[in-house]
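Please examine the sequence and the structure shown below. The briefing that follows describes a sheet, the helices against it, and the nonpolar cores.

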Amino acid sequence: GGGWWAVHDIVDGRILVIIGDVTGHGVPAAMITAAAKAACDVGRALEGPRLTAARILELMNRAIYESARRRFVMTCFACVIDTRARSITYANAGHNFPYLYRHPSTLRDGESEITVLMSRGNRLGDVPDSTFAESSQALRSGDRLVFYTDGLIECESPTGEEYGEKRLRSAIRAAGDQGPAQMRDSLMTTAAQFYGNCPRKDDITLVVAQLV
């Protein structure tokens, strides 16, 4: 119940994408997720075309702080993808860094490339007046964006070993020739094979997007 993601059109080819993960599990975590979604919806309505990744995190941060008073917090990554300018502008509230994958066919040296979309900030609900720095990255046609929550990399094998980011990056490269939906399914299948029959200790959310 604590994992959540959303995608919304803004204006002029700009798209808001958010992924977050509340601490804890079950109904209490789901209630904080609901507060985050409500704040996101209100923020979109109030800010309109002026909406930024940093601003939506600020609004969600205040809502979660007022709702949970630090009993629960949320990691969250928000970005605005500009399909016309071919760019992504993003801000992060303690969430796992997403990956930007480029296929070998789009690069001169013929080697695939994975870039970490790195940005840091306080978790939502930790500090009531948190602000969030934005970073930007140019995009190319065919680029893949892989967003995920920590359950994907922290769930364990039967021997107690975590899946980890290194295995995730290898799986992304291995699925590079597939479409975005097929890549998503392949990444989940590869991770599930690693977990085996072990109970999952956390929610798993995975989103794959491609710039056309």
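In this predicted model, four strands form an open sheet in the order β6-β5-β8-β9, and their pairing is antiparallel. The edges are β6 (113-116) and β9 (206-210), each of which pairs on one side only. From one strand to the next, the twist averages 20°.

**Pairing within the sheet**

- Five bridges join strand β8 (residues 144-148) to β9 in the antiparallel sense.
- V146 has V208 in β9 as its bridge partner.

**Helices on the sheet**

- Helix α4 (residues 164-174) lies across β5 (99-102), β6 and β8, and runs at about 30° to β5.
- Helix α5 (residues 180-195) also packs on the sheet, where it touches β5, β8 and β9.
- The direction of α5 makes about 150° with that of β9.

**The nonpolar cores**

- In soluble globular proteins, nonpolar side chains tend to be buried together.
- The largest nonpolar core of this model has 27 residues, and the members that touch the most others are I18, I56, L57, M60 and L124.
- At least two residues of this core come from each of β1 (3-9), β2 (14-22), α1 (26-47), α2 (53-68), β3 (74-82) and β4 (87-93).
- Helix α2 supplies the largest share, seven residues.
- Leaving aside residues up to four places away in sequence, M60 touches W4, I18, A36, A39, C40, M74, C76 and L124.
- Another core, of 20 residues, lies apart from the largest one; Y99, A171, A175 and V208 are among its members.

**Helix α2**

- The buried residues of α2 are A53, A54, I56, L57, M60, N61, I64, Y65 and A68.
- An α-helix has 3.6 residues a turn, so residues three or four places apart point the same way.
- The elements against which the buried residues of α2 pack are β1, β2, α1, β3 and β4.
- Just after α2, R69 adopts a positive phi of about 50°.

Definitions and conventions:
Residues are numbered from 1 along each chain as its sequence is written. This is a predicted model: local features need pLDDT of at least 70, side-chain atom pairs count only at pLDDT 80 or more; totals for chains, interfaces and linings use all residues. Side-chain values use heavy atoms; hydrogens and water are left out. Two strands pair if DSSP finds at least two bridges between them. Axes are lines fitted to C-alpha atoms, for helices over the stretch in contact, and angles run from 0 to 180 degrees between N-to-C directions. Contact means heavy atoms within 4.5 Å. A nonpolar core is a set of buried Ala, Val, Leu, Ile, Met, Phe, Trp, Tyr and Cys residues joined through side-chain atoms within 4.5 Å. Buried means under 20% relative accessible area, exposed over 50%, partly exposed in between (1.4 Å probe, protein chains only).
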